[in-house]
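Dear colleague,

My notes on the structure come after them.

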Amino acid sequence: MSRRVMWILAGGGLLLLALPWLAQAMDESYLTTTVTRVMILAIAAVSLDLIVGYGAMVSFGHAAFFGLGAYVAAILSHHFHLGDALLGLPYGIGGSNELLLVMLLAMLVAAVVAALTGLISLRTQGIHFIMITLAFAQMLFYLFVSLDVYGGEDGLVMSGRNHLPGIDTADDNQFYYVCLLALLLYVFLARRLVNSPFGRVIRGSKSNPRRMQALGYQTYWYRLVAYVIAATGAALAGVLMANMNEFVDPGLFSWQLSGELLVMVILGGLGTIYGAVIGASVFLLLEILLSAYTEHWMFFLGPFLVLVVIYARHGLFGLLQNRARRND
Amino acid sequence: MTEPVLQTRDLSKSYAGLQANRNIHLQLQRGEIHALIGPNGAGKSTLIGQLAGEIKPTSGQIFFKGRDITTSAGHARAHLGLSRSFQVTSVFDDMTVLENLALAVQAHDRHSFRFFSRVSQNRRFNRPACELARQFGLEQYHAVLAGELGHGEKRQLEIAMTLAGNPEVILLDEPMAGIGPGGTAELIRLLDGLRGQVSMLLVEHDVQAVFALADRISVLVYGEIIATGSVEEIRANPQVQQAYLGDAC
Amino acid sequence: MLLLIEQVLNGLQLGFMLFLLSAGLTLVFGVMNLINLAHGSFYMVGAYVAATMIQHGSGFALALLVALAAAALCGLLVEVLVLRHLYHRDHLDQVLATFGLILFFNESTRMIWGRQPLFMQLPEFLSASVEILPGVPYPLYRLVIIGVGLLVAVGLYLLISHSRVGMRIRAGASNRDMIAALGVNIRWLYSLVFALGALLAGFAGVMAAPLYAVESGMGESILILTFVVIVIGGIGSVKGALLGALLVGLVDTLGRAFLPQLLQGLFDSSSANSVAASLSSMGIYLLMVLVLAIRPRGLFPA
């Protein structure tokens, strides 16, 4: 990566670090929650980039794991506040309000669901994989629509955010830093993952699966593990989203959200991790900026996306890198 | 004579009634370079595919080091020490030469579920990869993307990857195809240098290369092996001359 | 029994409507190798134009014609301005660009027609009921949809397997380079196929307008079903699209109609209803997963 891109990333990082103060100074505190939302979706987008960008597994159902994570948080909090047991078990597990524990459980649930659905999905390829992942997400969507105990179509309100030792999560500024830390940590781990021996196997399976087999790799299992890992990332983001809104509804599983996550990743540039963060930020900030000027912001965002596809071949991050390379 | 390292017994493959391979008895001795020649459509690629585990035989058996591997999957055979190259060069175009080789070396690790360490700094993969690059004259291309290599160098990389993990047998599917006379001479020299280090089943159209390299030759015509023998024996065999060499020369 | 016949007819009606949408989508996919998420937009355009014409006192036939022309024109414009640049691109690029087109079309309809859904009155001659069996009335309009769907299926079959254009389409689907070598003007052929697909989608939109609310975003809910259809049928196969569409139509309709009763034996009625509702919504996705688990490339892989 060129020095200039490093500077831009570092500058962005500094800005993120100082944002709550700036927002308060400018008396625009909604900025803090807006950027919190961007960062949470960026985590989900990064997790999607792991499989789409590096493994060519184009999932159109990634929101399923985002929704699962969110619902795990909301359901555990629901039972914690009611003081009863999960699933009406006589002396089973109760709810929980500990953020870290909730995250762990949410990732576990997403991992199990991803492993089961991935076993079937990964038998297919290309558009079929796109559609089968969509199908599983739709099933979860309808499952939660029908779960009347947890609010069905109307969703479930959380009575306050989860607890994190030493931090007042109810304070938006402190919660902002929790999410920022989560994003930085997740980007770091994702970069390590794609540059690990495992990551190279995933890249190889994308580029030339037949050769991978001939070399002695059983690519199916590596791809499945990658799929599971990506799902846990989305679940993590889901937990944070539930906490931020203190509310979940089946819309979190919707194919629209899956589509938007995909758009963020492609917009930013596939297979770079940083691109996913940039894509999520630009997509959401553009949405917010445009909607400040016109109610019909989609009328402008749509053609913008088309132009990006036609003129910026490797997404916005690719554009940034190319410009930097030309100037160096 | 010692037991062959790779042999087939009555190996047959038919596609919808069409016999691509019929009752193949092939024996690859340890350390030999065994060439498989035959006209187009004789079933050479089908045979390689069956030996490598990509094509399921209709009947018959395959033994590798005395062990029946007829039903083993391709990746399992690679781990046993049976490695193959592809007729159409098949490398990882978006990775550098060194990454290609290191990935080939890494395949022989017990597993690659290692999620945190930096693979680019893994000396266990890089050292053998550098050694292979040196052996195949690719040192100056370490950091070049495989997709940007010339045709000849790509083919050398292809074969170098086949040798990662020190296999006992390599199956080379038309390694000389389309690389020009200079590249062919270079490749003959490289393969000759491997003699004794690894047993080789060489499918090749270039008769000069085959005569230069092979210890023994088998001739495949219409899915059947019609003759096996030394270079001299095959040259002198009237059946072969009529069926193959006649129309090839 | 009577209920069953009625529901089967309803299922067929939904199936044939889905077929109108999927035929174009699967052709575009098979011939141009293009994923077009904006296919539902042509459906929406057809519905809006027809509903508006009728509201302004136009006759049904004229409204239908204008709507078809509008949908085909939109398709042509989209192909020439945008998609033409994307045929050789990655599927992901196509997903992103056509997602952008969806946003554009949805917002445009909101700007033109507002946020309130439109409702389209059926002309009198179509709003009658017919007795399909003695004493069993059934809405004529739904039968008309079935009939129209059948006609289009036959028409497409004739077009694709018995005409020169059809021969080129088939050749284009199986071997792009060859057809270019034969000197066929690919650009023209692609535009034609695309406009035809858009026209069929618009047709489905007109047909749907009297049955469902005409609103912005209506294209996407049906688009998902359409994708399910072509994936089940096998991408690029019109025959597969027909079979897939009928399967999806029947499974969806019959599931919604009969699951609640079936489940009432197992649960008390309120939870049976909610379980049945979610199960029957899931039905087609279960169907798709089953089909793909057994045949990863669909029923009739092209």
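The paragraphs below set out conventions, then the chains, their contacts and the helix packing.

This is a predicted model, in which local features need pLDDT of at least 70 and side-chain atom pairs count only at pLDDT 80 or more, while totals for chains, interfaces and linings use all residues. Residues are numbered from 1 along each chain as its sequence is written, and chains are lettered from A and ligands numbered from 1 in the order in which they are written.

Chain A contains 13 helices and two strands; helices (H or I, at least four residues) and strands (E, at least two) are DSSP runs, numbered from the N terminus. Along the principal axes, the C-alpha atoms of chain A fill a box of roughly 65 × 55 × 40 Å. The radius of gyration of chain A is 20 Å, which agrees with the value near 20 Å for a compact globule of 328 residues. That radius is taken over C-alpha atoms, and the globule rule is 2.2 Å times the number of residues to the power 0.38.

Of the two pairs of chains that touch, chains A and C have the most contacts; two residues are in contact if their C-beta atoms, placed from the backbone, lie within 7 Å. Chains B and C do not touch, and their nearest C-alpha atoms are 16 Å apart.

The contact between chains A and C draws 33 residues from chain A and 37 residues from chain C. On the chain A side, α5 (126-146), α10 (255-268) and α12 (298-311) each supply at least two residues. The most comes from α5(A), with 11 residues. By class, this side of chain A has 24 nonpolar, seven polar and two charged residues. Here Ala, Val, Leu, Ile, Met, Phe, Trp, Tyr, Cys and Pro count as nonpolar, Asp, Glu, Lys and Arg as charged, and the others, Gly among them, as polar.

Axes are lines fitted to C-alpha atoms, for helices over the stretch in contact, and angles run from 0 to 180 degrees between N-to-C directions. The crossing of α5(A) and α9(C) is left-handed, a term used if the near helix is turned anticlockwise from the far one by less than a right angle, with right-handed used if clockwise. I127(A), H128(A) and M131(A) of α5(A) meet F227(C), V228(C) and V231(C) of α9(C). These residues divide into five nonpolar, one polar and no charged.

Within chain C, α9 (residues 218-233) also packs against α2 (residues 39-55), at an angle of about 130° and with axes 8 Å apart. That makes α2(C) oblique to α9(C), and their crossing is right-handed. The residues in this contact include Y43(C) and M44(C) of α2(C) and I222(C) and L223(C) of α9(C). The contact of α2(C) with α9(C) comprises six nonpolar, five polar and one charged residue.

Chain B is divided into domain 1 (1-81 + 167-249) and domain 2 (92-166), with bounds from an automatic or database domain assignment. The centres of these domains of chain B, taken over C-alpha atoms, are separated by 26 Å. Contacts join 11 residues of domain 1 of chain B to 10 residues of domain 2 of chain B.

With kind regards

Methods:
Angles under 35 degrees count as roughly parallel, over 145 as roughly antiparallel, 65 to 115 as roughly perpendicular and the rest as oblique.
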